[in-house]
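Subject: Handover of a structure and notes on it

Dear colleague,

Please find the structure below, together with its sequence.

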Amino acid sequence: MSSQRYDQLIADMRSDYRPQREWGEGKGILLVVGHFLVGVAGGTWVMSSLYHVTVGLAVAFVLGALGALVHLAFLGKPMRAFKMIRHFRTSWISRGFVGLSLFLVGSGGCLAIGFLGLGGPWLVLALCAQGLAAVGTVIIIGYMGFCYTASKGIPFWHSPLHPALYIAYAFRGGIAALLVISAATGVVPGDGLLQLWLGITVLVCLFFGLELYGAVTGGNQAARRSVHDILAGRLALLFYGGTLALGLLVPVLLIALPSAISATTMALIGLASAAGDFFVKLSTVRAGVYLPLRRIPQTAG
Amino acid sequence: MVIDLKRCIGCYGCQLSCKAEHGTPPGVFFARLLKHEEGKYPSVRQMFLPVLCNHCTDAPCVDVCPTEASHYCEGGIVDIDHDKCVGCRACMMACPYNNRYFNAERNWYFGDAGPTPYELARSARHDTGVVMKCNFCTPRLAEGKLPACVANCPTTARTFGDLDDPNSTVSRLIKDRGGFTLHPEAGTSPNVYYLAP
């Protein structure tokens, strides 16, 4: 441990609200990147299936595979990752590992059979692969939020809204990816994509607002501290600059432009939206502070 | 375990004896002491709160561990099997008492000067890339000894025993003096009790 890290740890331990630094700082940022990539992969698979965009399915697979690699890079002992299958019964990380494995096998199989143009008995296999991919998609879209909700040590994350929020992020990320793919391929899958983006964005804002409101009104002091850190503390720049300005204001302004939406504009909307999602996830993760331990009753009983 | 805050004098004996027993690297504290001041001048007093793993009956760290590395041992002690830990650190986020540490890399107390013979002897126990925490000195318990922090407390503020036995000293202390736990609202049923100062 470097002297700087050691000093930081000691300072954190002395503070009333000890921030968690293992997820979101240093090598821990890989976990946020991994969650972001896997969430977008799940959303892109769903949206591409709905709009029948084959390139989108391939992009979802690549994003999922990248997300898996980044997850592995985050682990202290990546070579033992296969052991994560063991505790499926209670651990959301274990469920996420299984879900991501199913997604990669299923989506990879689907794409391979489609790419090679195999028919006959292979179609049954393709159907099975589609089923695996569908089950995997549902799990990877949902598991991240539950991972945070299961973190009892961080009151701000320990909220029932977190899974809903992460599911909404996944869909928003999927639409954003489809916008970029549409701009790159020149094939616009449908008229309603931007309207759908707006609808999901409203939902994300609503969930996020409710989560902050819940933490401030019903949460304990640590949860309130996290909200303070996001809105007016150490993470304010990340939140206002990355999430609100880049992730919300820029896309909305681009959509509101009087001229027709060009391919470049669509790509910019998608990229800005995805960047906003990454920054809001990063802010939320970094805002996590542990429950303070110094509450001692003054008398017995 | 029961910790009598009336007896604790904040000497850091528990923290030091734990360090000596386990040879934990810099930045890893299985047992530590929190100090803070209460009141306003002239009525000010210093409060001490020794903390360690609470070995909860419903330990959230065990539930979230994807590899079953965090597990319950005989007698309800929560331990980590370092050969199973993948270093995902979910247990650190799940613990309401933040008493788990990630040993990211091998490091020594005297930096570039390298490890002392003592550190070298003890470091073999500690793998890098995994999470570490207090195990109530399980090897010492197996030898019939008390945990190092209990055995070395100069004011006998710490008492170790069987909470399932209603006639044990720990059970009687909790009953007679109204022992309390930290963050009972977390619903983890901690097994480290405190007696009010």
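Predicted model: local features only at pLDDT ≥ 70, side-chain atom pairs only at ≥ 80, totals over all residues.

Helices (H or I, at least four residues) and strands (E, at least two) are DSSP runs, numbered from the N terminus.

Residues are numbered from 1 along each chain as its sequence is written, chains are lettered from A and ligands numbered from 1 in the order in which they are written, and side-chain values use heavy atoms, with hydrogens and water left out.

Chain A

The radius of gyration of chain A is 21 Å, close to the 19 Å that the globule rule gives for 301 residues, so chain A is as compact as a globular protein of that length. The radius is taken over C-alpha atoms, and the globule rule is 2.2 Å times the number of residues to the power 0.38. The C-alpha trace of chain A spans about 75 × 50 × 40 Å along its principal axes. Of its 301 residues, 50% count as buried (under 20% relative accessible area, with exposed meaning over 50% and partly exposed in between; 1.4 Å probe, protein chains only).

Within this chain, helix H2 (residues 29-51) packs against helix H3 (residues 54-74) at an angle of about 160 degrees, and their axes are 8 Å apart. Axes here are lines fitted to C-alpha atoms, for helices over the stretch in contact, and angles run from 0 to 180 degrees between N-to-C directions. H2(A) and H3(A) are therefore roughly antiparallel to each other (angles over 145 degrees; under 35 is roughly parallel, 65 to 115 roughly perpendicular and the rest oblique). The contact of H2(A) with H3(A) has 16 nonpolar, nine polar and no charged residues. In this classification Ala, Val, Leu, Ile, Met, Phe, Trp, Tyr, Cys and Pro count as nonpolar, Asp, Glu, Lys and Arg as charged, and the others, Gly among them, as polar.

Chain B

Three strands of chain B form an open sheet with mixed pairing, in the order S8-S1-S9; two strands pair if DSSP finds at least two bridges between them. Strand S8 (158-159) and strand S9 (193-195) of chain B stand at the edges, each with a single partner strand, so one side of each has no neighbour in the sheet. Strand S1 (residues 2-4) of chain B runs parallel to S9(B), joined to it by three bridges, and B:Leu195 in S9(B) is the bridge partner of B:Asp4.

Strand S2 (residues 31-40) and strand S3 (residues 43-52) of chain B pair in the antiparallel sense over ten bridges. B:Glu38 stands opposite B:Arg45 in S3(B). A hairpin through two residues joins S2(B) to S3(B). In the loop between these strands lies B:Pro42, which is joined to B:Tyr41 by a cis peptide bond with omega of about 10 degrees.

B:His55, in the loop between S3 and helix H2 (60-64) of chain B, has a positive phi of about 45 degrees although it is not a glycine. B:His55 counts as buried, at 1% relative accessibility. B:Arg89, in the loop between strand S5 (78-80) and helix H3 (90-94) of chain B, is not a glycine either, yet has a positive phi of about 70 degrees. B:Arg89 is buried, with a relative accessible area of 4%.

With kind regards
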